[in-house]
Amino acid sequence: MLLRASTLARRLPRPRGCASGPAAAAPEIQVRALEGPHQGIAEILMDRPRARNALGNVFVSQMLEALAQLRGDRQVRVLLFRSVVKGVFCAGADLKEREQMNEAAVGAFVQRLRGLMSEIASSAVMGLIETTRGLLPGAGGTQRLPRCLGVPLAKELIFTGRRLTGTQAQALGLVNHTVAQNEEGTAAYLRARELAQEILPQAPIAVRLSKVAIDQGMEVDIASGMAIEGLCYAQNIPTRDRLEGMAAFREKRSPKFVGE
């Protein structure tokens, strides 16, 4: 999964945990910056094997902390989310943990989870099975899925709690790519890294502002969306990268973007 290619002020340790207090001994989230030809790509490593990377309190807190650490780092242009738990990416909400919460705690946790999903800005869904557990989708599931699929199909998937294979999800437009698994179990990660490598040389500010224009524009009517696009375009005009891109085109060479 790709996050924003953002203007990012600190070098990342390789790798590091994002835990504090009692959880420090066994962090569920770590951040690793790649080196060599992959420099500029960072990975968030999800490591909660006993719960299949389910979204529990500690997991969500550490994920938010990792994203906060990355947000201001200019060295990172592309972010990958990677599971180090074999055979699973993320099992969704931790229902065992949620069962122990009172109503107020559930409401507060769902609000934090919604903030996390907004921070990641991902619409990848392989199944919204909450109705099979007496729940309804949180973290923006009832809002994002209809925008991806349309209201009728979104209702069908939510009401039935149907699980989708990767091929089915791709056919519906929920995921961009599916790959055959390799012996090491890393096929999806390698494909994601290839995509990250394609994004890496592009102008970071232009990529970030394009992401803002798309994400925010999808939430409003077309006229407002065009206005958002115009504001983003105006922010890109005075950048050094825009001038470098034009000069590189004129001189028939590859541009060297610096994120300024």
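# Report on a predicted protein chain

The mean pLDDT (the predictor's confidence in each residue, from 0 to 100) of the protein chain is 77, and 78% of its residues reach 70 or more. Over residues 1-14 the pLDDT is below 50, and this stretch has 66 contacts (heavy atoms within 4.5 Å) in the model beyond near neighbours in sequence. The pLDDT also stays under 50 over residues 123-127, for which the model has 12 contacts beyond four places in sequence.

This is a predicted model, in which local features need pLDDT of at least 70 and side-chain atom pairs count only at pLDDT 80 or more, while totals for chains, interfaces and linings use all residues. Residues are numbered from 1 along each chain as its sequence is written, and side-chain values use heavy atoms, with hydrogens and water left out.

Helices (H or I, at least four residues) and strands (E, at least two) are DSSP runs, numbered from the N terminus.

Strand β3 runs parallel to β4, and 6 bridges join the two. Within this arrangement, L45 stands opposite R82 in β4. Buried means under 20% relative accessible area, exposed over 50%, and partly exposed in between (1.4 Å probe, protein chains only). Because 6 of the 6 residues of β4 are buried, this strand is largely enclosed by the rest of the structure. V78, L80 and R82 cover one side of β4, and L79, F81 and S83 the other; all are buried.

A nonpolar core is a set of buried Ala, Val, Leu, Ile, Met, Phe, Trp, Tyr and Cys residues joined through side-chain atoms within 4.5 Å. The largest such core has 20 residues, of which I44, M63 and L67 touch the most other members. Elements giving two or more residues to this core are β2 (29-33), β3, α1 (57-71), β4 (78-83) and α3. Helix α1 provides the largest share, 6 residues. Apart from this core lies another, of 8 residues, including L34, V78, A192 and A196.

In helix α8, the residues P204, I205, L209, K211, A213 and G217 are buried. These buried residues pack against α3 (103-120), α9 (222-236) and α10 (240-251).

The count of disulfides (pairs of cysteine sulfur atoms within 2.5 Å) comes to 0. C90 is partly exposed, with a relative accessible area of 29%, whereas C232 counts as buried at 7% relative accessibility.

Conventions. Two strands pair if DSSP finds at least two bridges between them.
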